[in-house]
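Dear colleague,

A summary of the findings follows it.

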Amino acid sequence: FASRALRLRGYDVLEAASAEEAMTLLSDAENHVDLLVSDVVMPGMDGPTFAARARELRPDMRVVFISGYAEDSFRRNLIDHDFLFLPKPFSLTDLTAIVKEALGQDA
C-alpha cells in the first residue's frame, strides 16, 4: 500500500522484502536514497536496528518509523531519536504528509 501510494504521488520508491535486502539496495551507490520508511517490528532484524545500520551507509538519510505501538514508549527505548513516527493505522494523506515533512517539502 505505502509503496504504491507514494509512487502515485510522484516519488521514486525502492522496495525490499527484508532488512537484509534493503541493506543490499542501500549498499549500491547507484541508488539515490533520501528517506527510509520502515516498520518497527519486522521479521529478522527490527526497524531501529536496521535504521542504525542503514545510517552507517547513508548518514544523512531521514527515517520514518511506522508502528502500531505508542510513540512515547517506543521513543524511550531508543538511543537515536532523529526520526519521525507514523502510527498505524494511517491514511494515504497521513503517509504523504510525513514523507513531505521528512524531506523538507511544502505540504
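**Contacts and overall make-up**

Of the contacts (heavy atoms within 4.5 Å) in the chain with a separation of 6 or more, 51% are between residues 24 or more positions apart. The model is predicted, so local features need pLDDT of at least 70 and side-chain atom pairs pLDDT 80 or more, while totals for chains, interfaces and linings use all residues. Residues are numbered from 1 along each chain as its sequence is written, and side-chain values use heavy atoms, without hydrogens and water.

The chain has five helices and three strands, taken as DSSP runs (H or I, at least four residues, for helices; E, at least two, for strands) numbered from the N terminus. Their order from the N terminus is α-α-β-α-β-α-β-α. Of the 107 residues, 38% are buried, that is, under 20% relative accessible area with a 1.4 Å probe, protein chains only.

**The largest pocket**

The largest pocket has a volume of about 900 Å³. A pocket here is an open set of points on a 1 Å grid over the protein atoms alone, where a 1.4 Å probe fits, with protein on both sides within 12 Å along at least five of seven lines; lining residues have an atom within 4 Å of a point. The volume is the space filled by probe spheres set on the points, which are joined across faces, edges and corners.

There are 32 lining residues, and Val13, Leu14, Leu35, Leu36 and Val37 are the closest to the pocket centre. Strand S1 (35-39) is among the elements that supply at least two lining residues, together with helices H1 (2-8), H2 (19-27) and H5 (92-103); S1 gives the largest share, five residues.

Yours sincerely

Key: Buried < 20%, exposed > 50% of the residue type's maximum accessible area, 1.4 Å probe, protein only.
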